[in-house]
Amino acid sequence: MGSQTSLTISIVMIALFGMAIMGFAINFASDNNANMSISDSSEVSSVYSSQSGNLSSFKDESEDTYTSILDTTVEPGSDVIPSSAPMSLTRGSLLSTAKNMVTIPIVYIFGGWGSPFAIFFTTLLSIISLLFILYIYKTWKGNP
Amino acid sequence: MAYLYNLPNATSGIDAVMIQTMGSFPWLGALILMFVYLVVFLGGITRQKNKIGTADYSAWAIIASIATLIPALLLSVNGGYIQLDWLIIVVGLNILSAIWFFLDKKPSEI
């Protein structure tokens with residue numbers, strides 16, 4: 001982890017890996033008429049579908065970011081662009097993606113969001129959010 | 001001699017022995033999966049350390065969790081081997097390993 005780009009790519013890769021593993025497990029069970037499937041759990045099904053939605057939103061946001069970078073102008077004599085829109089890719093859907101990914105481990109391994117250990121993941125997500133904010137601000141405005 | 005549980009009927013195949021043993025001791029499936037995970041994880045780390053002097057812990061964690069998922073899925077095809085919760089825990093372990101692996105690496109190393 002070293003920059004906004006690498007953090008963004010890491011979280012997208014985590015989400016894609018999770019989707020691939022869940023998709024493989026669900027399809028394996030479906031293809032083999034398995035006695036049980038992870039999609040029998042309502043928690044897993046809801047994470048799987050909301051994760052698909054978040055990744056679709058990420059695709060839309062990346063297109064918006066691409067457009068905003070093309071539309072960006074820098075005023076003569078200005079140090080920075082008037083808006084931080086080109087750095088907006090990591091907002092919203094990616095943070096939801098990170099939260100979705102830890103939902104299955106936290107519910108099935110650590111006993112749910114209300115469990116004492118859940119504070120670990122809550123703090124981890126908070127740090128990731130803070131890193132996003134700092135990366136965007138420092139990339140846009142420079143070191144304060 | 002009295003046994004703590006009924007001895008499995010060994011004349012009808014190893015699968016019947018497994019199912020009957022799991023009927024008495026449901027954690028057997030989880031222990032088999034834990035065995036697979038630890039063999040790959042600890043074996044991989046030790047072998048790599050012996051070979052090049054250092055080990056890539058996060059990579060071996062993700063390899064071990066995928067190697068555990070495969071027998072877990074195979075065991076889930078028929079009933080009686082493992083429980084649904086354990087299958088989801090293995091998937092959760094994969095996701096935790098992926099979080100460790102991808103936050104540990106630079107994009108150029110993935």
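What is the mean pLDDT of chain B? Chain B averages 88, and 95% of its residues reach 70 or more. Here pLDDT is the predictor's confidence in each residue, from 0 to 100. For chain A the mean is 82, with 94% of residues at 70 or more. The complex as a whole receives an ipTM of 0.82 and a pTM of 0.82 from the predictor.

Two ground rules apply. This is a predicted model in which local features need pLDDT of at least 70 and side-chain atom pairs count only at pLDDT 80 or more, while totals for chains, interfaces and linings use all residues. Residues are numbered from 1 along each chain as its sequence is written, chains are lettered from A and ligands numbered from 1 in the order in which they are written, and side-chain values use heavy atoms, leaving out hydrogens and water.

Start with helix α1 (residues 4-31) of chain A. Helices are DSSP runs (H or I, at least four residues), numbered from the N terminus. Among the elements of chain A, α1(A) has the highest mean pLDDT, 88. The lowest, 81, belongs to helix α4 (residues 118-141) of chain A. The expected span of a helix is 1.5 Å times one less than its number of residues. The 28 residues of α1(A) should therefore span 40 Å, and its end C-alpha atoms are 40 Å apart, which agrees. After α1(A) comes A:Asn33, with a positive phi near 50 degrees.

Now the packing. Two packed helices are described by the angle between their axes and the distance between the axes. Axes are lines fitted to C-alpha atoms, for helices over the stretch in contact, and angles run from 0 to 180 degrees between N-to-C directions.

Within chain A, α1(A) and helix α3 (residues 93-108) come within 10 Å and cross at roughly 45 degrees. The two are therefore oblique to each other (angles under 35 degrees count as roughly parallel, over 145 as roughly antiparallel, 65 to 115 as roughly perpendicular and the rest as oblique). Contact means heavy atoms within 4.5 Å. Residues of α1(A) including A:Ile11, A:Ala15 and A:Met22 meet residues of α3(A), among them A:Leu94 and A:Met101. This contact has 9 nonpolar, 3 polar and no charged residues. Ala, Val, Leu, Ile, Met, Phe, Trp, Tyr, Cys and Pro count as nonpolar, Asp, Glu, Lys and Arg as charged, and the others, Gly among them, as polar.

A:Phe17, A:Ile21, A:Phe24, A:Ala25 and A:Phe28 contact B:Ile62, B:Ile66, B:Leu69, B:Ile70, B:Leu73 and B:Leu74. By class, the contact has 11 nonpolar, no polar and no charged residues.

Finally, chain B itself. The axes of helix α2 (residues 28-52) and helix α3 (residues 57-76) of chain B come within 8 Å and cross at roughly 150 degrees. α2(B) is therefore roughly antiparallel to α3(B).
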